[in-house]
Amino acid sequence: MATKRAYASPLRRQAAARTQEQILGCAADLFAGRGYGRVTVADIAAAAGVSPKTVFASVGSKSDILDRIVDQGVTASGHEEAVTRLLAMSDPRDLLRELAAATRLGNEGQFVVHEAIRKALPAHEQAGELWQRATGEYRRALGDVARHLDTLTPRPPTPVEETADLLWFWFGPSGWRTLVVENGWSWERAERFLCRTATATLC
């Protein structure tokens with residue numbers, strides 16, 4: 001007797017993908033606004049217009065949702081393409097100008113995701129691992145840029161490791177957040193300042 005195969009229509013798969021996207025987007029907004037510890041699956045379901053059962057079936061638990069948000073943030077950052085462009089540049093001033101623009105684009109575009117992760121840290125059992133997952137590739141990319149800067153003329157006056165630390169201090173998510181959120185600067189003003197500061201220090 002032939003085995004009956006389950007049929008999943010393309011429309012059904014598309015609808016499921018849209019539901020997952022809606023749930024994750026609403027969860028990120030809630031985590032960023034209220035903090036991970038103050039948000040329930042029921043809150044996420046209400047914001048997404050679905051039932052809590054659908055949330056669990058589609059994405060999983062609240063912890064699973066946060067994991068998916070972290071993974072999406074890393075994938076959507078576009079850092080690999082940006083680093084490829086930066087490592088092909090030969091003028092350090094042009095490179096730092098492009099670095100400021102590229103990291104602004106990533107941080108501005110992923111701001112809600114970064115805030116969701118940041119506000120989850122105090123309530124998350126594995127906060128250190130979570131932050132490492134969210135920012136590890138970003139920091140390693142800036143290290144690659146620091147090593148490339150050390151091959152250009154003029155070379156930075158700082159050792160490579162210190163240059164990498166400075167790039168993280170200026171262009172990492174905390175640097176952007178300090179200027180834009182805590183000081184109320186526009187993203188454009190922050191970009192100009194960070195570019196000017198990095199160029200004055202390293203070139």
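## Rings and charges in a predicted model

Phe193 is partly exposed, with a relative accessible area of 29%. The cut-offs here are under 20% for buried and over 50% for exposed, with partly exposed in between (1.4 Å probe, protein chains only). Trp185, at 18%, is buried.

Before going on, a word about the model. It is a predicted one, where local features need pLDDT of at least 70 and side-chain atom pairs count only at pLDDT 80 or more, while totals for chains, interfaces and linings use all residues. Residues are numbered from 1 along each chain as its sequence is written, and side-chain values use heavy atoms, leaving out hydrogens and water.

Now for the rings. Two rings of Phe, Tyr or Trp (for Trp, its six-membered ring) pair up if their centres lie within 6.5 Å; planes under 30 degrees apart are called stacked, over 60 edge-to-face, and the rest tilted. Count that way and you get six aromatic pairs. In one of them, Trp185 and Phe193 have ring centres 5.4 Å apart and planes at 85 degrees, so this pair is edge-to-face. Elsewhere, Phe111, Trp176 and Trp187 make up one aromatic cluster.

A charge sits over a ring if NZ of Lys or CZ of Arg is within 6 Å of the ring centre and within 35 degrees of the ring normal. Lys62 does this with Tyr36, its charged end being 4.3 Å from the centre of the ring.

How many salt bridges does the structure hold? There are 15, a salt bridge being a side-chain nitrogen of Lys or Arg within 4 Å of a carboxyl oxygen of Asp or Glu. Arg104 and Glu191 meet in one, at 3.0 Å from N to O. Arg104 belongs to helix α6 (residues 92-109) and Glu191 to helix α11 (residues 187-202), so their bridge ties together parts 87 residues apart in sequence. Helices are DSSP runs (H or I, at least four residues), numbered from the N terminus.

Asp144 and Arg147 also bridge, with their closest N and O atoms 2.6 Å apart. Both sit in helix α8 (residues 127-149), three residues apart, or about one turn of the helix.

Here is how some salt-bridge residues compare with the accessibility cut-offs:

| Residue | Relative accessible area and class |
|---|---|
| Glu115 | 7%, buried |
| Arg177 | 18%, buried |
| Glu191 | 19%, buried |
| Asp144 | 32%, partly exposed |
| Arg147 | 46%, partly exposed |

Glu115 and Arg177 are also part of a network, where salt bridges with shared partners join them to Arg118 and Glu182.

Technical notes
Helix = DSSP H or I, 4+ residues; strand = E, 2+ residues; numbered from the N terminus.
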